[in-house]
Amino acid sequence: MAKKKVGIVGGGIIGTAIAYHLVYDYDDAEVYLFEKHTIGSGTTAKSAGTHCLIDDSVPHEFWSVRLFGFKFYTDLEEKCPGSTGFEKTGTLLIAPYPEYEKYALQAVDLAVASGYQAEYWKDKDKIRQIIPDLVLDDVLGAAYSPDDGFFDPTMISNTLAKLSREKGATILIGTEVSEVIRDGNRVTGVETNKGHFDLDVLVDATGPWAPFFGNKVGLDLPIIHTKAEVFILEPSESLGYPFPVLKFPRFYARKDKDNVFICKAHLTMDLNNPEHAGVWNPDELPMTGGTDPYFWDFLTDELMEHYPRLLESSVANDWVGYRAEPKDFMPVLGETPVEGYILAIGAGGNGVIEGPTIGRDIARLIMTGEKSFFVDKLPLSRFEDVENLEKHHKVTW
């Protein structure tokens, strides 16, 4: 039987996860991955890489997505030490108001039920045992898990690309898709700077390039960009304690060697504010710099209220990444009106968490036609009635 020829556009953490699952889960997939730069560049390279068991990034409705992703990476790290860049720092999630506390309590229950360590503390002395310098006057409590932390998304992407190549996938870097070839309404191949490729299926895993790539097949995809503005803070002197992933409703931080990586939480972005959201050209984004003055003002206010000691720091580096997100902050997965053109876009700030599930489920859709719960809940067709989009994220920020 002839193999199904599948092309994947985008060599970030989503695209490489799809390639991996296609070649490891199915014998009849012939896979081509097209990346115009290098594997794990673009948005993936600018990601914080946090993958926490108890944070607010993915609704509890999709707990299985969070759990599968975490186990996928930790299993990969166990089999191939150093392949994911995992740093087991633990996570401290601060709950300043009742709605957020309820979410944190549910997260702890889910983590414990799945076999991980997690606790919820109302005792502020316990919270200060983790980070002594926090201001906790108006805090209700905090959830803590010592079992999670953050990964290196570029390292993961390269690991998955390497493993996929060893299993028979063709990984093409420096390869830009210039045209999608169609026969009527059906994708039949692509033209690239390295030649023509006949295909049965084309997967769009282009991340922030999705609004532009969709035009190649005549689709106006419901993706906008939000800015992931990052500062690397260098404390004036050592903090003197291990730094976990720290989650507040409006910002998060993690260690970056001896420094602190800090960023505005993506679910707080105002999609109607042109400083926060829009559609920009990712090719014009510098690797470093470019942060907006408003973000420093925002961050200063947040740290003054919650963690003033970090203001005794210099800025060692800063950068901006573009998160590709629809208006409900959930990915867009599966089939489109163009036959053979499959979407794996819109993961936004959750690409690291959702990547393994998207990879597994998109591979299953392509090779068997079966739709998982995740794919079935998040089709492109849900944007036909934007005013009544389901609100998956129940917590407000």
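The legends below describe close-up views of a predicted model. Local features are given only where pLDDT is at least 70 and side-chain atom pairs only at pLDDT 80 or more, while totals for chains, interfaces and linings use all residues. Residues are numbered from 1 along each chain as its sequence is written, and side-chain values use heavy atoms, with hydrogens and water left out.

**View 1. Helix α1 (residues 13-25) packed against helix α8 (residues 351-368).** Helices and strands are DSSP runs numbered from the N terminus (helices H or I, at least four residues; strands E, at least two). Two packed helices are described by the angle between their axes and the distance between the axes. The axes of α1 and α8 lie 8 Å apart at an angle of about 40°, where axes are lines fitted to C-alpha atoms, for helices over the stretch in contact, and angles run from 0 to 180 degrees between N-to-C directions. That angle makes α1 oblique to α8 (under 35 degrees counts as roughly parallel, over 145 as roughly antiparallel, 65 to 115 as roughly perpendicular and the rest as oblique). The crossing of α1 past α8 is right-handed, a term used when the near helix is turned clockwise from the far one by less than a right angle, anticlockwise being left-handed. Contact here means heavy atoms within 4.5 Å; α1 contributes I13, I14, A17, I18, H21 and L22, and residues of α8 taking part include G351, V352, I358, R360 and M367. By class, this contact between α1 and α8 has eleven nonpolar, four polar and one charged residues (Ala, Val, Leu, Ile, Met, Phe, Trp, Tyr, Cys and Pro count as nonpolar, Asp, Glu, Lys and Arg as charged, and the others, Gly among them, as polar).

**View 2. Helix α1 and its burial.** Eleven of the 13 residues of α1 are buried, so that the helix is mostly covered (buried means under 20% relative accessible area, exposed over 50%, partly exposed in between, with a 1.4 Å probe and protein chains only). Among the buried residues are G15, T16, A19, Y20 and V23. The end C-alpha atoms of α1 are 18 Å apart, in agreement with the 18 Å that its 13 residues should span at 1.5 Å a residue, the expected span being 1.5 Å times one less than the number of residues.

**View 3. T44 in the loop between β2 (29-35) and β3 (50-51).** T44 is buried because its relative accessible area is 11%. Setting aside residues up to four places away in sequence, T44 touches G12, I13, P153, T154 and S157.

**View 4. L333 in strand β19 (residues 332-334).** With a relative accessible area of 2%, L333 is buried. L333 and D55 are 278 residues apart in sequence and, C-alpha to C-alpha, 23 Å apart in space.

**View 5. K257 and F329, each with a positive phi.** Most residues other than glycine have a negative phi. K257, although not a glycine, has a positive phi of about 60°; K257 lies in the loop between β15 (251-256) and β16 (259-264) and counts as exposed at 74% relative accessibility. F329, also not a glycine, has a positive phi of about 60°; F329 is found in the loop between β18 (313-325) and β19 and counts as buried at 11% relative accessibility.
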